[in-house]
Amino acid sequence: MAAEEHADDALGQELTDQEVDFSRWYTQVIRRSKLADYAPVRGCMVIRPYGYALWERMQALLDARIKATGHVNAYFPLLVPEELLQKEAEHVEGFAPEVAWVTHAGQNELEQRYCIRPTSEAIIGAMYSRWIESWRDLPVLINQWCNVMRWEKVTRLFLRTSEFLWQEGHTVHATADEAAEEVRRMLDVYEAFIREDLALSVVRGEKTARERFAGAEETFSVEGLMRDGRALQCGTSHNLGQHFARVFDITFQNQDGERKFAYQTSWGVSTRLIGALVMGHGDDGGLMLPPRVAPTQVVIVPIWRKEKDRAAVLEMVDEVRALLRPVARVEADLDDTTTPGWKFNEHELRGVPVRLEIGPRDVKNRSVVLVRRLNRQKEFVPLGELAARVPALLDEVQAAILARSVVYREENTREAADWPQFQTLMTETRGFIEANWCGDEDCEKAVQQETTATIRCLPLDRDPAVGKCVHCGAPATERALFAKAY
Ligand SMILES: [Zn+2]
């Protein structure tokens, strides 16, 4: 990471407003909320306990969805022998510039180099060719949670780091139809997870040939819109056809006794999704975490001015904490060295969905104040109703954050009828632009060169293309979704 990036982010300064410098806001929020920090390793970051707790929540929720659709977890080696990786030319070519190699063990040069997995198609393919014999062995529905490494020249916390955490599903099927179904099933699993658990509204679609995964026949993705109007690819699902099966000799005997090549899929999401949460929901106050994934859902802040009130307030904090523990992830901020006002800011920065205030008057009334991070809306709740009210409030906040995300995406999805309008929209408002496209890769490339925008996807629920390509004027074949992307 560049030295000026560190200087830029002096921790004592006010948080930069999103409108002033979104990129600086992003880095400041991540470092100050202690989600992550730069590591003394080129291109790598440290996920700090608060960030890792968030990842664990996300992982648990997605893992349950992956298992509910019939998949099981396994673990394959970090190192891939060069010989295996080289087997698939297109795949190798796609990853070659960013592959890290292990060449020595101690002082001795290895006879064969090993790459640190950039993804695991090769090593998993080699195992599948041993394990699969007949149609009875299919389908194979395996997922792996692990780290991967892709040497990046430019790095950004969570969005682009040389090492990152992810899950990669690798499945094998007897027929092309089953594989195609699986690819769409997992795309839907991702969309539902991101919408229901992360409260982000995303678009499902197919990637163009140019944006396809190296070696895949079809790639589908879910695309989110961040609050600076840029898109972020949030997950991908690939139909590998028989491509890797032919290379790694993954065959099976069908029910007629014939030997056939199998059909494969792979799909993944990564810690990049934490970047999506930060940029998709955050505001000038900092993070805004949806309750379902927030490591802390409710923070209790005691308030007293006179020393004589202290004991009674703290006693009620204990009582409330015990009351809420069975129904929410709750913490109390009992730090004596900071003021309540400072604590309000701090927990807003950390994106804690609900703040609970207890002062001397609340002790007397046997009630507390609940404040939503989303809009600072306040409500007074009697102690007797608290254990029922908090879970309901967390659901309301979850739904409100999603609704805000839906509105943002809808308001920032615009249609461009011609090229001047496209350029104006891309310069002035950014966001998603729906427009006609001719289907030609050179035209797609030219759009990027002129505007830096790319085709994010061809949305699954797109209208048929009628008319001319927005860029070159040739007859349109597709209705595409364009954006400037991370
Ligand atoms: Zn065109």
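Author: Let's start at a helix end: just after H2, Lys34 takes a positive phi of about 65 degrees. Please keep in mind that this is a predicted model.

Reader: Where does Lys34 sit?
Author: Lys34 belongs to the loop between helix H2 (22–32) and strand S1 (36–38). Its phi is positive although Lys34 is not a glycine.

Reader: Why is Lys34 called partly exposed?
Author: The relative accessible area of Lys34 is 45%. Buried means under 20% and exposed means over 50%, with partly exposed in between. Lys34 is therefore partly exposed.

Reader: Which other residue has a positive phi although it is not a glycine?
Author: Thr452 does, with a phi of about 65 degrees. Thr452 is found in the loop between helix H15 (441–451) and strand S22 (454–459).

Reader: What makes the peptide bond from Leu138 to Pro139 stand out?
Author: That bond is cis, with omega near -5 degrees. Pro139 lies in the loop that runs between helix H6 (121–131) and strand S7 (140–149).

Reader: Back to H2: what makes this helix mostly covered?
Author: Nine of the eleven residues of H2 are buried. Among them are Phe22, Trp25, Tyr26, Val29 and Ile30. Arg31 and Arg32 are buried as well.

Reader: How do H2 and H9 pack?
Author: H2 and helix H9 (residues 272–281) pack at an angle of about 120 degrees, and their axes are 11 Å apart.

Reader: Which residues make the contact of H2 and H9?
Author: From H2 come Phe22, Trp25, Tyr26, Val29 and Ile30, and from H9 come Gly275, Val278 and Met279. By class, this contact has seven nonpolar, one polar and no charged residues.

Reader: Which residues meet where H10 and H13 are in contact?
Author: Met316, Glu319, Val320, Leu323 and Leu324 in H10 meet Leu383, Leu386, Ala387 and Val390 in H13. By class, the contact of H10 with H13 has eight nonpolar, no polar and one charged residues. Glu counts as charged, so Glu319 is the charged one.

Reader: On to the sheets: what is the order of the open sheet of five strands?
Author: The order is S16-S15-S17-S18-S19, with mixed pairing.

Reader: What makes S16 and S19 edge strands?
Author: Strand S16 (330–332) and strand S19 (378–382) each pair on one side only. From one strand to the next, the twist averages 25 degrees.

Reader: How do you know that S15 and S17 pair?
Author: Two strands pair if there are at least two bridges between them. Five bridges join strand S15 (residues 298–302) to strand S17 (residues 354–358), so the two count as paired, and they run parallel. Val301 stands opposite Glu357 in S17.

Reader: Which helix touches S15, S16 and S17?
Author: Helix H11 (residues 340–349) packs on the sheet and touches those strands. The direction of H11 makes about 170 degrees with that of S15. H13 lies across S15, S17, strand S18 (367–372) and S19, running at about 5 degrees to S18.

Reader: And what is the order of the open sheet of three strands?
Author: That order is S4-S6-S5, with antiparallel pairing. Strand S4 (79–81) and strand S5 (101–105) are its edge strands.

Reader: How many bridges join S5 to S6?
Author: Four bridges join S5 to strand S6 (residues 108–116). At least two are needed, so S5 and S6 count as paired. Tyr114 in S6 is the bridge partner of Val102.

Note on methods:
Residues numbered from 1 in each chain as written. Predicted model: local features only at pLDDT ≥ 70, side-chain atom pairs only at ≥ 80, totals over all residues. Heavy atoms only, no water. Buried < 20%, exposed > 50% of the residue type's maximum accessible area, 1.4 Å probe, protein only. Contact = heavy atoms within 4.5 Å. Axes fitted to C-alpha atoms, helices over the stretch in contact; angles between N-to-C directions.
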